[in-house]
Amino acid sequence: MRRRSFLAVAGWLATAAVATLIGVAAIEWVGESIAGTPGGVLSQEEIERALASPGPTAPGAGPSPTATGTGGPASPGATGAAPAGARRAFATTGGSAVAECGPDGVRLVSWTPAPGYRVAEAERGPDDDVEVAFAGPSGEFELRLRCVGLEPVAAEDDD
């Protein structure tokens, strides 16, 4: 009787271990296929590269639904008649922003404060230059951007 109980418990433990391993492998496989990367985590370089590359948006469209800016709506009068320049990501300790250049000047596409920081001020544009300031425990960090050709670049603070 003891031997039969022992075999039943051992069989149950082996079945549970195999089922657990199959479940963990399935979750890992499904997670990778959904996120597109192992673990779903992107490096800072991969994020900047993805933000800098033009996305599959229609000409003249406003910010994408994933844009995290706290500014107003997309710039009025955007019709798509003139092509926009390249998008480029910029970062400071206080946060990051994405800007693009167009016929009316530079425009902030999105901005995101770093953890512990908040947006103190944001001038969305389009204009000759735009800026976003992040305030937090280490002080205030400002990004001032302008266009050189159709390429957004960081500008010196002229105050």
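**Close-up views of a predicted chain**

**View 1. The disulfide between C101 and C147.** C101 and C147 form a disulfide, with their sulfur atoms 1.9 Å apart; the term means a pair of cysteine sulfur atoms within 2.5 Å. The whole structure, when searched, shows one disulfide. The pair connects distant parts of the chain, since C101 sits in strand β2 and C147 in strand β6 (residues 139-148), 46 residues apart. Helices (H or I, at least four residues) and strands (E, at least two) are DSSP runs, numbered from the N terminus. The torsion about the S-S bond of C101 and C147 is about -110°, so this disulfide is left-handed. C101 counts as buried because its relative accessibility is 1%, whereas C147, with a relative accessible area of 21%, is partly exposed. Buried means under 20% relative accessible area, exposed means over 50%, and partly exposed lies in between (1.4 Å probe, protein chains only).

This is a predicted model: local features need pLDDT of at least 70, side-chain atom pairs count only at pLDDT 80 or more, and totals for chains, interfaces and linings use all residues. Residues are numbered from 1 along each chain as its sequence is written, and side-chain values use heavy atoms, with hydrogens and water left out.

**View 2. The sheet of three strands.** The strands of this open sheet come in the order β1-β2-β3, and their pairing is antiparallel. Two strands pair if DSSP finds at least two bridges between them. β1 (87-91) and β3 (105-113) are the edge strands, each pairing on one side only. Neighbouring strands here are turned by 25° against each other on average, direction ignored. For such angles, axes are lines fitted to C-alpha atoms, for helices over the stretch in contact, and the angles run from 0 to 180 degrees between N-to-C directions.

**View 3. The hairpin of β1 and β2.** Three residues lie between β1 and β2, which form a hairpin. The antiparallel pairing of β1 with β2 (residues 95-102) runs over five bridges. F90 stands opposite A97 in β2.

**View 4. The sheet of four strands.** A further open sheet has the order β4-β5-β6-β7, again with antiparallel pairing. Its edge strands are β4 and β7 (151-154), and each pairs on one side only. From one strand to the next, the twist averages 20°. β5 and β6 pair in the antiparallel sense over eight bridges. E131 has R144 in β6 as its bridge partner.

**View 5. The cis peptide bond at P126.** The peptide bond from G125 to P126 is cis, and its omega is near 5°. Most peptide bonds are trans. P126 lies in the loop between β4 (118-123) and β5 (129-136).

View 6. The chain has two helices and seven strands, which follow the pattern α-α-β-β-β-β-β-β-β along the sequence. Of its 159 residues, 21% are buried. The mean pLDDT of the chain is 75, and 68% of its residues reach 70 or more; pLDDT is the predictor's confidence in each residue, from 0 to 100. Over residues 56-82 the pLDDT is below 50, and this stretch has 25 contacts in the model beyond near neighbours in sequence. A contact means heavy atoms within 4.5 Å.
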